[in-house]
Amino acid sequence: MFSVATPVITVFTLTGPQDRLRQIARERAYRTCAPEHMTWEDETTLVMTLESGIGTSFLGHGLGLSDEYPDVSIRGMEYFDCFDNPAFAKWQGGQLVYEADLITVFGILFPTDATKDWPGCSASFWHRSPPLAAAIAENCPDFDLMPLRRLAGPVPGWVETTDGFATLFLRPPSTPDAQDGLGVILYPEIGRSTLLTGIDRFGGVARFRRQSYGQISAQCPELRDVLRGRWKASDKKRRKARQERKVLRRRLKKAEGERGDRVFSFFETDPWVM
């Protein structure tokens, strides 16, 4: 057995008078992070970046900082590996203002500012929680699904993007305060589809569930012709993928029988994962 370390990045952003922040930088050098990992966003904003963990919990370390320096505002962010599920927190006056774990439902490359073409900028959809809006607005101020309403899509009101495997059809919220956006995730080559409901401007999702292509076509009739075209275009690849999965399952079952254990049961033979 062996383990693989997962990179962990923790970032604390301190805001306050410059003299006070310079004092904190001197005091926290090599305690929180090395001096070369401290940067100034501006005269009143100090950013401390910690790599590969901090030896204590993210919230615990932030609470320690806020207790020691209650006169500055502290925002914390932590993410693992690919930034799929970041955590955000804020302390003010020595008290925790909010803490939000952004649990990813789905993410895809899609510029969230329709006036820009950002390579690598993705639209992410998360389980909605009460602190989600505050966490996104303060820590990711450029993330907003509303500008996507200005993009041309396959049918009025809907926009589309794909990463070559999954295709997202998105109907952004009707107003900035609404939670009525819809998302359809289509995996035509493997015959899977998912419906996201109750989407808000920050990507918060009320519910997501796997549904059949026919069910989604019935619930989103304006997309029916578009979905039918994509579904039919991938019919041959879908059949081939089903055959390949059957062959893989037979091989795994045979290997399990030869070994006399269930070692291969940890592998998912269906490449679709929500």
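Here is a walk through this structure, from a loop to a sheet, some charged pairs and a helix.

Keep in mind that this is a predicted model, where local features need pLDDT of at least 70, side-chain atom pairs count only at pLDDT 80 or more, and totals for chains, interfaces and linings use all residues. Residues are numbered from 1 along each chain as its sequence is written, and side-chain values use heavy atoms, with hydrogens and water left out.

Let's start at Y30, in the loop that connects helix 1 (18-28) with strand 2 (38-42). (Helices, H or I with at least four residues, and strands, E with at least two, are DSSP runs numbered from the N terminus.) What is the phi of Y30? It is near 70 degrees, a positive value in a residue other than glycine. Most residues other than glycine have a negative phi. Y30 also counts as exposed, because its relative accessibility is 67%. Here, buried means under 20% relative accessible area, exposed means over 50%, and partly exposed is in between, using a 1.4 Å probe and protein chains only.

Now find the open sheet made of three strands in the order 7-8-13, with mixed pairing. Two strands pair if DSSP finds at least two bridges between them. Strand 7 (104-109) and strand 13 (204-205) are the edge strands, each pairing on one side only. Strand 8 (residues 122-127) and strand 13 run parallel and are joined by two bridges.

On to the charges. Side chains of opposite charge can pair when their charged atoms come close. How many salt bridges does a search of the whole structure find? The count is seven, where a salt bridge is a side-chain nitrogen of Lys or Arg within 4 Å of a carboxyl oxygen of Asp or Glu.

One of them joins R31 and E68, with the closest N and O atoms 3.7 Å apart. This pair links distant parts of the chain: R31 sits in the loop between helix 1 and strand 2, E68 is in helix 2 (residues 58-68), and they are 37 residues apart. R31 counts as partly exposed because its relative accessibility is 48%, and E68 is partly exposed too, at 36%.

Another salt bridge brings together E138 and K90, at 2.9 Å from N to O. It also links distant parts of the chain, with E138 in helix 3 (residues 132-139) and K90 in strand 5 (residues 87-92), 48 residues apart. Are these two partners buried or exposed? E138 is partly exposed, with a relative accessible area of 31%, while K90 is buried, at 14%.

Then there is D144, which forms a salt bridge with R201; the closest N and O atoms are 2.4 Å apart. D144 lies in the loop between helix 3 and strand 9 (159-162), R201 in the loop between strand 12 (192-199) and strand 13, and 57 residues separate them. D144 is buried because its relative accessible area is 15%, whereas R201 is partly exposed at 22%.

Last stop: helix 5 (residues 224-233), where V226, L227 and W231 are buried. Seen down the axis of helix 5, its buried residues fall within an arc of 130 degrees (taken from the directions from the helix axis to the C-beta atoms), so they line one face of the helix. The face turned away from that buried side carries the exposed residues D225, K232 and A233.
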